[in-house]
Amino acid sequence: MDALETKLNLETARVYWHELARYFAAGRVIRVAAELDLVDVAGTIAKDDTPRVKTWLTAGQIAPVTDDEAKAWQESGMVLWAVVVKPFVLVQPPSDDA
């Protein structure tokens, strides 16, 4: 793990969805698919690795949080893993085995 990934790992935390509402309203919350490593995605975005990010976007593995997701997470009191890569907040629901 390089220094950036170590820093991002230390900044990753569990957050209630309702705490992210203002960032969602601004269009700055990105969902990361469960099969991806949240810290790896954050590091890739921070390093501006456009080809890799485009691959994930095309595959639907990262995408802006939808209104339906936001509503469901709000109603359920969802707790997500989150990390900030300005200007975005990357979120990932916890895996079933977590």
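T44 is buried, at 4% relative accessible area; buried means under 20%, exposed over 50%, and partly exposed in between, using a 1.4 Å probe and protein chains only. T44 sits in helix α3. Helices (H or I, at least four residues) and strands (E, at least two) are DSSP runs, numbered from the N terminus. Leaving out residues up to four places away in sequence, T44 touches D49, R52, V53 and W56. Contact here means heavy atoms within 4.5 Å.

This is a predicted model, in which local features need pLDDT of at least 70 and side-chain atom pairs count only at pLDDT 80 or more, while totals for chains, interfaces and linings use all residues. Residues are numbered from 1 along each chain as its sequence is written, and side-chain values use heavy atoms, without hydrogens or water.

Now the core. A nonpolar core is a set of buried Ala, Val, Leu, Ile, Met, Phe, Trp, Tyr and Cys residues joined through side-chain atoms within 4.5 Å. The largest one has 14 residues, and V32, V41, I62 and L90 touch the most other members. Two or more residues each come from β2 (29-32), α3 (38-46), α4 (50-59) and β4 (79-85). Helix α3 gives the largest share, four residues. Beyond its neighbours within four places in sequence, V41 contacts V32, L36, W56, I62 and L90.

Last, a loop. G60 lies between α4 and β3 (62-64). G60 counts as partly exposed, with 36% relative accessibility. Its C-alpha atom is 8.0 Å from that of A33, 27 residues apart along the chain.
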